[in-house]
Amino acid sequence: KRRIAVMTSGGDSPGMNGAIRAVIRMAIEVGCESYAVLEGYEGLVQGGDLIKRMDWEDVRGWQSEGGTLIGTARCLAFYERAGRLKGAKNMILNGIDALIICGGDGSLTGADKFRTEWPSLIGELVKTGELTQEQIDPFKQLNIVGLVGSIDNDMSGTDATIGCFSALANICEMIDKVEATAASHSRAFVVEVMGRHCGWLALMAGVATGADFVFIPEKPRSENWRDEMCKVIARHREIGKRKTIVIVAEGAHDMQGNKISSEMLRELLADKKGLALDTRITVLGHVQRGGTACAYDRYLATLQGVEAVRAVLDATPDTPTPFIAINENKITRKPLVQAVLDTQAVAKAIENQDFERAMSLRDTEFSD
Ligand code: ADP
């Protein structure tokens, strides 16, 4: 029987457990054996108990569990060829030739590198006498399929990543809570949300909560963003709004690339010579990625997990490593490398303050 393994790597996100469950059950459904690699790439490098056979019942109820129940980790060893060599050996020793990885762009980059290097890795294992030719013969090809688990929705080529809608729902819930206080005391709140290179969470939370002003990394405000924000908020106050909510992504910058921090915004809103609002800061932090997955993420994780197994079965040596996306509500397969390159190009463009390029590379349309 063919053996398919599933792994979670990088930052955790709600819905990862749903993806694991779907992969494990679908693999069994199509007549394969299911494995889980525990603790991300660390499990692949160390092998032993960290590579575990999984049955149908092992993932019962996993849809409604937060985080990832098979563990995730950052693994320095996997950046090095020596670590990947150990990983290849452990895969072969366990009879596994297909790996479905749920993680961010880093994890998926590592996965593609592993697949590209595979022939030379197994060749080296034979040359150094760690494995015999007979042992490697059935494992000439490594199949890798990516699933994107990220709360930031920062992967190019897909409309949504597993976890982003749960994080968005968490943010909205938290903003609703601070709004109650804001309205009661006629206060302003600066709410800081995650997103170093991607403003999707901040922007969508702004739309969903009717926030007064939003700052995102991809689109710095004009040179005089201070006046612009104060004018908008003054107008909202004039027409009777008792609460002010400003959402700032952690990676927000001005046109010169200077960070726009929550504290800067608080000082500006509280300035006695200006709006003079009683202003508080709420940094949402890890509560955003916490808790169980929302219904949409469970559905997305399940459909994509099933599709990932299908993609493993369809793989040929010539197909570029795929990842499973969703585009206009259809589950799709896309080339992994291009999506990762595009994702990394956005981050680079933001770092270089080339905001126009960053915007042009984003799938989402932004406008004033
Ligand atoms: P994310 O997947 O959330 O982007 P990281 O970038 O931290 O998170 O990647 C998670 C892990 O994936 C790393 O700790 C490392 O083991 C592996 N990895 C990331 N990038 C590479 C790479 N270029 N080559 C090999 N392994 C990598």
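Select aspartate 227, which sits in helix α8 (residues 225-238). Aspartate 227 counts as exposed because it has 11 other C-beta atoms within 10 Å, and the limit for exposed is 12 or fewer. Keep in mind during the tour that this is a predicted model.

Where does alanine 276 lie? Alanine 276 belongs to the loop between α9 (262-270) and β9 (279-283). Alanine 276 has 10 C-beta neighbours inside 10 Å, so this residue counts as exposed.

Now look at the backbone of alanine 276. Its phi is positive, about 50 degrees, although the residue is not a glycine. Most residues other than glycine have a negative phi.

Go to asparagine 153. Here too phi is positive, about 55 degrees, in a residue that is not a glycine. Asparagine 153 is in the loop between β5 (143-148) and α6 (164-185). Is asparagine 153 buried or exposed? Asparagine 153 is buried, because 24 other C-beta atoms lie within 10 Å and the cut-off for buried is 20 or more.

Next select aspartate 152, which is also in the loop between β5 and α6. The unreviewed UniProt entry lists Asp152 under "active site". Such an annotation may be inferred rather than shown by experiment. Aspartate 152 has 25 C-beta neighbours inside 10 Å and therefore counts as buried.

Which residues does aspartate 152 touch, not counting residues up to four places away in sequence? Select Cys164, Met194, Gly195, Cys198, Trp200 and Leu201 to see these contacts of aspartate 152.

Select leucine 303 in helix α10 (residues 295-314). Leucine 303 has 17 C-beta neighbours inside 10 Å, so it counts as partly exposed. From C-alpha to C-alpha, leucine 303 and isoleucine 331 are 7.3 Å apart in space, while they are 28 residues apart in sequence.

Then move to alanine 345, in helix α11 (residues 336-351). Alanine 345 counts as partly exposed because it has 15 C-beta neighbours inside 10 Å. Alanine 345 and glutamine 46 are 33 Å apart in space and 299 residues apart in sequence.

**The whole protein**

How many helices and strands does the protein have? The protein has 12 helices and 11 strands. Along the principal axes, its C-alpha atoms fill a box of roughly 80 × 40 × 35 Å.

Among the contacts in the protein with a separation of 6 or more, 74% come from residues 24 or more positions apart.

Last, colour the protein by pLDDT. The protein averages a pLDDT of 94, and 98% of the residues score at least 70. For the complex, the predictor gives an ipTM of 0.98 and a pTM of 0.95.

Technical notes: Residues are numbered from 1 along each chain as its sequence is written. This is a predicted model: local features need pLDDT of at least 70, side-chain atom pairs count only at pLDDT 80 or more; totals for chains, interfaces and linings use all residues. Helices (H or I, at least four residues) and strands (E, at least two) are DSSP runs, numbered from the N terminus. Two residues are in contact if their C-beta atoms, placed from the backbone, lie within 7 Å. pLDDT is the predictor's confidence in each residue, from 0 to 100.
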